[in-house]
Amino acid sequence: MSRLRIQLPGLDLKNPIMPASGCFGFGREYSQFYKLDQLGAIMVKATTNEPRFGNPTPRVAETTSGMLNAIGLQNPGLDHVMNHELPWLETFDVPIIANVAGSTIEDYVAVAKRISTAPNVHALELNISCPNVKEGGLAFGTVPETAYEVTKAVKEVARVPVYVKLSPNVTDIVQMAKVVEKAGADGLTMINTLLGMRIDLKTGKPILANGAGGLSGPAIKPVSIRMIHQVSQQVAIPIIGMGGVQSAEDVVEYFLAGASAVAVGTANFVDPMTCPTIIDALPAMLDEMGVGHISELTGRSWKTEWNLQSSSH
Amino acid sequence: MKQYKTELVAQKKIAAFIFEVVVYHEKIDERFQPGQFVHVKVTSGSDPLLRRPISICHVDPEKHLLTMIYRAEGKGTRMLSEMVPGVEVDLLGPLGNGFPIESPKRGDTALLVGGGIGVPPLYYLSRELTKRGVYVKHVNGFQTGSAVFYEEEFKAFGPVTVTTVDGSYGEAGFVTAQLDDSADYLFACGPSPMLRALESYPAKKGVYLSLEQRMGCGIGACLACVCHVQGDETGLDYRKVCSDGPVFQAGEVVL
């Protein structure tokens, strides 16, 4: 598997495939389908200082090749995650990326400080882009000044590298990426969901109780590919790409755009075996492309010197 | 909980918009219990993207056959209704916790109340309870006469009262007007207003209600289908309909 091994800040990944936060819980459900050790890493459910119930139901609505969700960061809170979920995940040989959320900068700092002390947490993913919470969430991820402040504050207390999850719901994604890089981010994860809505034809009202929600799934992949293509040329920190990844082909496209690893979100709901299936399929994809190591693909859509036929591998 | 590539062996329309589909897989056996559901992938493409939760109507553990009855009203279920014998049907299941079939004892009386597409799981339940010597009575409610199905099939196990909201078949009105108070157990599946009306049914030994909710993953990971717990003052306690339910004892969750 060495041709899939990837080194990123804080992360020694057996392979560059990991489930995305919010689409995998804390892994318990999916551990009934396969051994979690196979995964490159696990991005666990967003954790806030206090437990959160989240939004009223209905919380999901289907769209063309995608889904809307408005879960609202429901989670059992930092204490429970530290005492029960992370220790349980220690039974697997897989690094954890802890997704940190909050309503204030102090919240983010408190969660980051403590959760980064867990032995299996190798990196943080700063969730400043959740579209489904009233305070915090998206507000942090769409205003450059606050994105800078919260990133900087978390960097000061975190014991592990910090990846910032960018929102696509901004006018200038490159500006946001540069701002958080300047604030000290060790990497980026992109993209979070796109703000969307569906209306029920029978009631004439939005289907989601929350009104709007976050759009995910294959429908958003082109948006994410475009943003990673733009951002990866303008920052020096690595990007973990996500949005509609369902297959090894999708993973390769993300790498070509500029990603160094890839997360699988909604596809886990469609087929719980998506991650191991992709991991198994990747070596053959690399053979087909004449590529020795997967990292050679990163950014090749904009690296002019790239020529698949003359690859040295 | 497993993923199975089953084979569709029969499919037919049994009422307006209502289809009965039978699938085969050697691993379909007695682990599939009444009240549980399966999560069905209706296309290999990505539209519609999500699986469809469909209740288990009947299982033949010897022949490894699973029968599902569903209403073809959206894109996904319409696609399912167009699938023909011989094709592969991707199932996750059995999912969730079903009705407590071990609780009623020989000689107990169980009242089974179904509403619309909540009727099918009660068929398998009725069959299993009857096998155990439980006396079963059924009240099945539908919107209109053309939507009525399985009346004869239920009669094989015990008395059946059919109601229609528009009065075009059976008794006119809702199921709640047709209940007597003598049952030891009440088991129900149907729309939330019906379940709320049945929550205070004076069963001597237990009332169990099967809930419907929009689902994402169907296995407990995504937290799309949560509901509050009754009497929880913190507002933080919850149950997942997909993995803690869909069957709950009356009084456990807020309907």
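**Notes on the two chains**

1. Start with the make-up of chain B. Its secondary structure amounts to 4 helices and 16 strands. Keep in mind that this is a predicted model.

2. Overall dimensions of chain B come next. For 255 residues, a compact globule would have a radius of gyration near 18 Å; chain B has 18 Å, so the two agree. The C-alpha trace of chain B spans about 50 × 45 × 35 Å along its principal axes.

3. Burial and surface in chain B. Of its 255 residues, 56% count as buried. The chain exposes about 10300 Å², and carbon and sulfur atoms supply 49% of that area. Among contacts between residues at least 6 apart in sequence, 61% join residues at least 24 apart.

4. Is strand β2 of chain B enclosed or open? Residues 18-24 make up this strand, and 6 of the 7 are buried, so β2(B) is largely enclosed by the rest of the structure.

5. Strand β1 (residues 2-15) of chain B pairs with β2(B) over 7 bridges in the antiparallel sense. Here B:Leu8 stands opposite B:Val23. The hairpin of β1(B) and β2(B) has 2 residues between the strands, and B:Phe17 takes a positive phi near 65°. Strand β6 (residues 65-71) of chain B is joined to β2(B) by 7 bridges, also running antiparallel. B:Val22 faces B:Thr67 of β6(B) in that pairing.

6. Now the sheet in chain A. Its 8 strands form an open, parallel sheet in the order β3-β14-β13-β10-β9-β8-β7-β4. β3 (17-19) and β4 (42-43) of chain A stand at the edges; each has a single partner strand, so one side of each is left without a neighbour in the sheet.

7. Inside that sheet, look at β8(A) and β9(A). Strand β8 (residues 121-127) and strand β9 (residues 162-165) of chain A run parallel and are joined by 4 bridges. A:Glu125 has A:Tyr163 of β9(A) as its bridge partner.

8. Helix α9 (residues 274-289) of chain A lies across β3 and β14 (261-264) of chain A. The helix runs at about 175° to β3(A).

9. Which residues have the most contacts inside the largest nonpolar core? They are A:Ile115, A:Leu124, A:Leu188, A:Met190 and A:Ile240, in a core of 142 residues. Beyond its neighbours within four places in sequence, A:Leu188 is in contact with residues including A:Tyr163, A:Val164, A:Ala177, A:Val231, A:Pro238 and A:Ile240. A second, separate core has 30 residues, among them B:Leu112, B:Leu129, B:Val134 and B:Phe142.

Definitions and conventions:
Residues are numbered from 1 along each chain as its sequence is written. Chains are lettered from A and ligands numbered from 1 in the order in which they are written. This is a predicted model: local features need pLDDT of at least 70, side-chain atom pairs count only at pLDDT 80 or more; totals for chains, interfaces and linings use all residues. Side-chain values use heavy atoms; hydrogens and water are left out. Two strands pair if DSSP finds at least two bridges between them. Contact means heavy atoms within 4.5 Å. Axes are lines fitted to C-alpha atoms, for helices over the stretch in contact, and angles run from 0 to 180 degrees between N-to-C directions. The radius of gyration is taken over C-alpha atoms; the globule rule is 2.2 Å times the number of residues to the power 0.38. Buried means under 20% relative accessible area, exposed over 50%, partly exposed in between (1.4 Å probe, protein chains only). Accessible areas come from the Shrake-Rupley method with a 1.4 Å probe; for residues, only the protein chains shown count as cover. A nonpolar core is a set of buried Ala, Val, Leu, Ile, Met, Phe, Trp, Tyr and Cys residues joined through side-chain atoms within 4.5 Å.
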